[in-house]
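Visitor: Hi, I have a new structure open and could use a hand reading it. Can we go through it together?

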Amino acid sequence: MTAAASARSILTQLHEVMASRMHAQGKLDKVVDIIAENLDSEVCSIYLLREQMLELFATRGLNKAAVHVTRLAMGEGLTGNIADKIETLNLAEAATHPDFQYRPETGEEKFHSFAGVPIVYRERAVGVLCVQHVEPRRYEDVEIEALQTTAMVLSELISNNDLIDEQEALGLAPEQTGPATVSGLPLVKGLASGTAVYHQPRVTIDQVMADDIEVERQRVYRAFDRMREQIDNMTNQAEFRTGGEHEEVLKTYKMFAYDEGWGRRINEAIDAGLTAEAAIERVQQHTRMRMREIDDPLLQDRMHDLEDLANRLLRIVSGQLGTAATQGLRRDAILVAKNLGPAELLEYDSRRLKGVVLEEGSLTAHVVIVARAMGVPVLGRVRGLRGIVREGDEILLDANAGTATVRPAQSVAEAFDTRFAKSKEKQAVYAKLRDVEPFTRCGTRIQVMMNAGLRDDISNLNLVGADGIGLFRTEFQFLVSATLPQREKQLRLYRDVLDAAGDRPVIFRTVDIGGDKAVPYLRSDEAENDENPAMGWRALRLALEREGLLKVQARALLEAASGRSLNVMFPMVSEPWEFDAAKAVFEEQLAYLKGQRKVLPESIRYGAMLEVPALAEVLDLLIPRLSFLSVGTNDLTQFLFAADRANPKLAERYDWLSPAILRFLRRIAQATVGRDVDLGVCGEMGGRQLEALALLGLGFRRLSITPVSVGPIKELVRQVDLKEITDAMTAWLSSPPPDMRAALGDWAAERGINVD
Ligand code: PEP
Ligand code: MG
């Protein structure tokens, strides 16, 4: 008999049992007989979860008296291990396993070989199916697969017959597995708690056994075609990727998507009588088991990619396509994902979204900037997340310490609540600084402005007491729209922002699209071929070529600012002529409006962002044409270090406090001394206390930062004496200490300056 035929024979028999009118216990007794006979095994047993213990529910071969008597805790013995880790065991000699435990009442001492698979219901182990044999032998692959298939059918039988407590199985009651703590890189600091929600939810499999094998086969074929199409499209549009889909990952995706072995194994599982969904899941379970046996971190990484792909295939085949955002958040949630794009994050209801945990992520990726602006803590670079966190788990996220506690113990949760309350107290202290003007100890007024990009952000202006908006990222409106926002829509937003800001200045940056800020409706052939989108056709480069886009925006801004002052800033200026060309587009629109006898802005100030290092070499030429210059340290540092800001592998490699960056920034600051131009920084760097301290020491007097940092930075400013920090920076930059961060930290501590 072929493997598929033998599996099908088991399934057919199971089908009959399932359809029979027997009561649940009778069915389980029958099931163990069928498995034992088909696998020619002396023992077959089923353990099910009851009151947090795995209880022997049915057996053939062990002492019947042990049924409903033998009970094992999660993690106890081989059975407990299988359930706890949700993994398959296949041992020629059971007693050699370090977790082996002998239970005399079962009479199992004569059996040497042991194989067991978890019975999984909604991603949680609710039982274990195992076989034992007198002869010491490992079970064949086909036998293990038959066990896994049976376990899937059993999970359906179990849930249909109330053999397990649904609450318990779903983990709504005390958890089946203990607490776990994962650590990662704090990307947005803060504390949060909520239940785990996967950005791409796992598919629930409702039917395991196929009604018609041919139909299932066709469904899988079609799903494979669609998945391959999607992967090919992703590869072709790598420049519009969502952060994590880097070339290497895409290559692996492609390799798996076209892997004939994978398709064949799924087909075999369908031959055995499973539905398309169950077949994909069964093959995946088997692959998981095989990969766990190979202890190679590189392969484990690839396993994640295969998991992603299998989940994608499952979603296609089952039609469950939406992300968790589409389904809506029902409770306070901690979002769990491999990576996200900024637009994807913005789809979530910000009232329910309390925190984000990512397997990837980097400090200056736009999704992180958006999260920071939303005040949502983010922990990134967490390894092995999917093996630990399950949908619905409670998570305490401490993005200050860089940890997340999953399924916390009561005492840990209480301690967390205390810290949470303390951090709120601290926020209350910052809130008191709202109306306090940030003067340094020596009496210099520092401009502390905030960055914004969405209508909802504007309310922060009063909440944190910023001096204005130093960077309004106009492209965010483009990112959250399904189509290109029309002039009227742009105008309304800009007008609302100006209304809310009142007398305080707002610096509107013209669209900076491209890189990790992908807008599908603005694709072009040029961008399709960008190998490195951050250095490619983006920002001002794109805007100057798509002049219509810039014209529309110029008109919207000029009209929105009628009768008031307008500040316009151009991103990614690399040479002075680009600034001139962009300004000319505005002047042309201004002339047009004048011709129409419209009320013009009272004053217009034009500025540039310094993000491309080349511009620093020609600042003397550009400065006379500028009203202000704002250093975008996010992009500048990625170009200085040739380190993609969205690449998680480089997230921790370079420090903003490295001498190379600080010397470069000092050079820019010095180039503006005595010139009639306002200088500021609007990258994420300025929102961090130690970095801000360094910037003050380099001569920067205006910082535009994320709203949550306004309080902490005001607090810092009030403790600083500019001469002292300037002298210290001068000394350090001529002869840099081995660790600038440590030196600055010590320097601050010696003066009693609080820095986080
Ligand atoms: C920067 O590059 O520093 C910046 C502020 O712009 P963005 O982060 O939007 O690219
Ligand atoms: Mg930038």
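Visitor: Great. What kind of model is this?

Guide: This is a predicted model, so keep that in mind as we go.

Visitor: Which domains does the assignment give?

Guide: The domain assignment gives domain 1 (3–169), domain 2 (180–411) and domain 3 (438–750).

Visitor: And what separates the centres of domain 1 and domain 3?

Guide: Taken over C-alpha atoms, those two centres are 62 Å apart.

Visitor: Now the ligand. Which residues come nearest to ligand 1?

Guide: There are 16 residues around ligand 1, and the nearest are Arg-473, Arg-509, Glu-611, Asn-634 and Arg-645.

Visitor: How far is the side chain of Arg-473 from an oxygen atom of ligand 1?

Guide: A side-chain N or O atom of Arg-473 sits 2.7 Å from an oxygen atom of the ligand.

Visitor: What about backbone atoms?

Guide: I can give you two. A polar backbone atom of Asn-634 is 2.8 Å from an oxygen atom of ligand 1, and a backbone N or O atom of Gly-632 is 3.3 Å from an oxygen atom of ligand 1.

Visitor: How much of ligand 1 does the protein bury?

Guide: The protein buries 100% of the 290 Å² that ligand 1 exposes when taken alone.

Visitor: Which elements give two or more residues to that shell?

Guide: Those are α13 (366–374), β16 (469–473) and α25 (633–640). The most comes from α25, with three residues.

Visitor: And how does the shell divide by class?

Guide: Around ligand 1 you have seven charged, five polar and four nonpolar residues.

Visitor: What lines the largest one?

Guide: Its lining has 18 residues, with Tyr-47, Thr-79, Gln-101, Glu-108 and Phe-114 nearest the centre. Two or more residues each come from α3 (77–85), β5 (113–121) and β6 (124–133). The largest share, three residues, is from α3.

Visitor: Which classes are they?

Guide: The lining of the largest cavity has eight nonpolar, eight polar and two charged residues.

Note on methods:
Residues are numbered from 1 along each chain as its sequence is written. Chains are lettered from A and ligands numbered from 1 in the order in which they are written. This is a predicted model: local features need pLDDT of at least 70, side-chain atom pairs count only at pLDDT 80 or more; totals for chains, interfaces and linings use all residues. Side-chain values use heavy atoms; hydrogens and water are left out. On a 1 Å grid over the protein atoms alone, a cavity is a set of points where a 1.4 Å probe fits but cannot get out, and a pocket is an open set with protein on both sides within 12 Å along at least five of seven lines; lining residues have an atom within 4 Å of a point. Helices (H or I, at least four residues) and strands (E, at least two) are DSSP runs, numbered from the N terminus. Ala, Val, Leu, Ile, Met, Phe, Trp, Tyr, Cys and Pro count as nonpolar, Asp, Glu, Lys and Arg as charged, and the others, Gly among them, as polar. A residue is near a molecule or strand if one of its heavy atoms lies within 4 Å of it. A polar contact is a pair of N or O atoms within 3.5 Å; within protein, one must be able to donate a hydrogen and the other to accept it, and residues adjacent in sequence count only if both atoms are side-chain atoms. Accessible areas come from the Shrake-Rupley method with a 1.4 Å probe; for residues, only the protein chains shown count as cover. Domain bounds come from an automatic or database domain assignment.
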